[in-house]
Amino acid sequence: MMGLDRFRELLDAYGAEPRRWPANERAMAEALFAQNPRARDLRAKAATIDALLDRTAPLAPPIIDAEILIGQITAMPQSQVVAFRPAQRPAAGTFWLKVGSLAAAAVIGFLLGVTQLANIGENSAPTSVLELADISPW
Amino acid sequence: MQDELDDALMARAGRGDKSAFAVLVRRHLARATAIAQRILGNRSDAEEVVQEAFLRCWQKAPDWQPAESPGSAAKAGERAQFATWLYRVLTNLCLDRRRRPQPVELEAAGEIADTRDDGFAQTERGEVGKRVAEAMARLPDRQRAALALCYYEDLGNIEAAAALNISIGALESLLVRGRRALRDSLGDLAIDGGAG
């Protein structure tokens, strides 16, 4: 048999509608409600809050299209493709190819840098001096 | 396939069966969208979160453990494990999104309203509805989520607690505090006969 205290707790949490009460306590709560006038008063008070909650604005109708959503999602890979792909160690040839590429990129970068510095030294400096002279009030 | 249980469909989806996944989406889309909209307060955010949740379903499907598998949390009499998992993912995504800055919180709450109604009575009802929606928007996120799951979407207490990853006692505490806060902020509506 459910006590009035627990009945009050149920109402405070779940409201006045028995369908929202916990399934394992619903029958006991309904029995108490049927027999006890105080329980009926408590339920009536809980119903006023339910009525407020029921007056909330209705939800805007969803515009999401199930079929488009399904199409977009199933076009994506599943985790199995990633998670269960055997991890592949790089072959020895691949490793040295990467090292070689990195070294070549470093050498090319170095040469380009040196060339650019040389150009700056030959061409840019006099021009800059002239330009500065042109705008200088002194 | 329409009558197949969620977990069986999820297992098939895990083997790449797109039609099984489609049944799952059609079955849960409306409720998932409603839950997200109740928690987030606006439709566009809700729909983004729902899409993310279903994407995670699809990606998770190959690793899915059916309810009868060892280690499963599902028990006899509970709703299928899949729905519990889906609503947990969805609720977490909603709460994560709510933790981001909310520059136009109350304005967004107004988006809940379906503006198809007209007439004076409908307008009055709309005003009351907007006040209730605004009061809901002011609730702490987890209280609003608890009410969305239990009150508006009629999830059982076990499933709602699982979605929020809390005990049933903690769920009841959230619900009590949420309803009490709404009663305090909307009490004049009830006195005016709004609760009738």
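Visitor: Where is the place of B:Asp154?

Guide: B:Asp154 lies in the loop between helix H7 (141-152) and H8 of chain B. Helices here are DSSP runs of H or I with at least four residues, strands are runs of E with at least two, and both are numbered from the N terminus.

Visitor: How do the numbers and letters work?

Guide: Residues are numbered from 1 along each chain as its sequence is written, while chains are lettered from A and ligands numbered from 1 in the order in which they are written. This is a predicted model, in which local features need pLDDT of at least 70 and side-chain atom pairs count only at pLDDT 80 or more, while totals for chains, interfaces and linings use all residues.

Visitor: Back to B:Asp154. What is its phi near?

Guide: The phi of B:Asp154 is near 55°, a positive value in a residue other than glycine. B:Asp154 has 13 other C-beta atoms within 10 Å, so it is partly exposed. The count uses C-beta atoms placed from the backbone: 20 or more others within 10 Å makes a residue buried, 12 or fewer makes it exposed, and anything in between is partly exposed.

Visitor: And B:Asn165, buried or exposed?

Guide: B:Asn165 counts as exposed because it has 10 C-beta neighbours inside 10 Å. Its phi is near 60°, again positive in a residue other than glycine. B:Asn165 sits in the loop between H8 and helix H9 (168-194) of chain B.

Visitor: H8 keeps coming up. At what angle do H4 and H8 of chain B pack?

Guide: Helix H4 (residues 81-99) and helix H8 (residues 157-164) of chain B pack at about 45°, and their axes are 7 Å apart. Axes are lines fitted to C-alpha atoms, for helices over the stretch in contact, and angles run from 0 to 180 degrees between N-to-C directions. H4(B) and H8(B) are therefore oblique to each other. Under 35 degrees would be roughly parallel, over 145 roughly antiparallel and 65 to 115 roughly perpendicular; the rest count as oblique.

Visitor: Which residues of H4(B) and H8(B) meet?

Guide: B:Thr84, B:Tyr87, B:Arg88 and B:Thr91 in H4(B) meet B:Glu159, B:Ala162, B:Ala163 and B:Leu164 in H8(B). By class, this contact has four nonpolar, two polar and two charged residues. Ala, Val, Leu, Ile, Met, Phe, Trp, Tyr, Cys and Pro count as nonpolar, Asp, Glu, Lys and Arg as charged, and the others, Gly among them, as polar. Contact means that the C-beta atoms of two residues, placed from the backbone, lie within 7 Å.

Visitor: What about H1 and H2 of chain B, how do they pack?

Guide: Helix H1 (residues 6-14) and helix H2 (residues 18-40) of chain B pack at an angle of about 140°, with axes 7 Å apart. That makes H1(B) oblique to H2(B). From H1(B), B:Asp6, B:Leu9, B:Met10, B:Arg12 and B:Ala13 meet B:Ala20, B:Phe21, B:Val23 and B:Leu24 in H2(B). Seven of the residues in this contact are nonpolar, none are polar and two are charged.

Visitor: Is B:Ile39 buried or exposed?

Guide: B:Ile39 counts as buried because it has 27 C-beta neighbours inside 10 Å. B:Ile39 is found in helix H2 of chain B. Leaving aside neighbours within four places in sequence, B:Ile39 is in contact with B:Thr91, B:Cys94, B:Arg144, B:Ala145 and B:Ala148.

Visitor: How many residues are in the largest nonpolar core?

Guide: The largest nonpolar core has 72 residues, and B:Ala36, B:Leu90 and B:Ala146 have the most contacts inside it. Such a core is a set of buried Ala, Val, Leu, Ile, Met, Phe, Trp, Tyr and Cys residues joined through C-beta atoms within 7 Å. H2(B) supplies the largest share of this core, eleven residues.

Visitor: How many helices has chain B?

Guide: Chain B has nine helices and zero strands. Of its 196 residues, 45% count as buried.

Visitor: And how many helices are there in chain A?

Guide: Chain A has six helices and zero strands. Buried residues make up 16% of the 138 residues in chain A.

Visitor: How many residues of chain A are in contact with chain B?

Guide: 33 residues of chain A are in contact with 49 residues of chain B. The side of chain A that touches chain B has 21 nonpolar, seven polar and five charged residues.
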